[in-house]
Amino acid sequence: MRVVGPDGVVYGLDKDFNINDYSGEVTRRWVLYGPEGGLLPVAGPHTFEYLQPDQTVRTQVVDYTPSQISYPTGVEWERVGDDIAVRWEPPAGVEEGMSYKVIIWNESGTPDTFVSQVFAWDDTSATLASVPLVDGGTYSMNVAVYYSSGYAYSRYEIFDW
């Protein structure tokens, strides 16, 4: 697949899938691979061209407008048995159709773990039940807000379980 931006720049995209073992969520996304330190796409109409080896099989135009949504702040967590309770302050502008995702992964020296779960746009707290974290392990967590044109995630909270 390729995308032609409003400025004529052509971007190559690769499809990326992730299946979360904890929540069962399947994340489908198109990933842009570009130079380190590259900028976000420019605003305006972007033409997505779905390609077969020698021809364009479908074209779709998406009008990209950068979002002004910030990230959740004031993230706090508490262990409750094998559950983790998380609280956050929502950024301004969060509205219906958006969602939050609590994301937890291991730090170096702790067995590989990746846990994520999606929550409603109007939630300000969540409990992830029976998280598969190792006692004494060190983890990072953030809370991301997802919206139609992207996402914004909180600062990383590093904690010991």
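Biologist: Which residue does Asp135 meet in a salt bridge?
Modeller: This is a predicted model, and in it the side chain of Asp135 forms a salt bridge with that of Arg79, with N and O 2.8 Å apart. Asp135 sits in the loop between β10 and β11 (138-147) while Arg79 belongs to strand β6, so the pair ties together parts that are 56 residues apart in sequence.

Biologist: Is Asp135 buried or exposed?
Modeller: Asp135 is exposed, because its relative accessible area is 58% and the cut-off for exposed is over 50%. Arg79, at 31%, is partly exposed.

Biologist: And what does Asp82 pair with?
Modeller: The side chain of Asp82 also makes a salt bridge with Arg79, at 3.9 Å from N to O, and Asp82 is partly exposed at 48% relative accessibility.

Biologist: How many salt bridges does the structure hold?
Modeller: There are four, and one of them links Arg155 and Glu157, whose closest N and O atoms are 3.0 Å apart. Arg155 is exposed at 62% relative accessibility, whereas Glu157 is buried at 13%. Through shared partners, Arg79, Asp82 and Asp135 are joined into one network.

Biologist: Switching to the sheet, what is the strand order?
Modeller: The order is β6-β7-β10 in an open sheet of three strands, paired antiparallel. Its edge strands, each pairing on one side only, are β6 (73-80) and β10 (125-128), and neighbouring strands are turned by 15 degrees against each other on average, direction ignored.

Biologist: Which residue in β10 is the bridge partner of Arg87?
Modeller: That partner is Ser125, and strand β7 (residues 83-89) pairs with β10 in the antiparallel sense over four bridges.

Notes
Residues are numbered from 1 along each chain as its sequence is written. This is a predicted model: local features need pLDDT of at least 70, side-chain atom pairs count only at pLDDT 80 or more; totals for chains, interfaces and linings use all residues. Side-chain values use heavy atoms; hydrogens and water are left out. Two strands pair if DSSP finds at least two bridges between them. Helices (H or I, at least four residues) and strands (E, at least two) are DSSP runs, numbered from the N terminus. Axes are lines fitted to C-alpha atoms, for helices over the stretch in contact, and angles run from 0 to 180 degrees between N-to-C directions. Buried means under 20% relative accessible area, exposed over 50%, partly exposed in between (1.4 Å probe, protein chains only).
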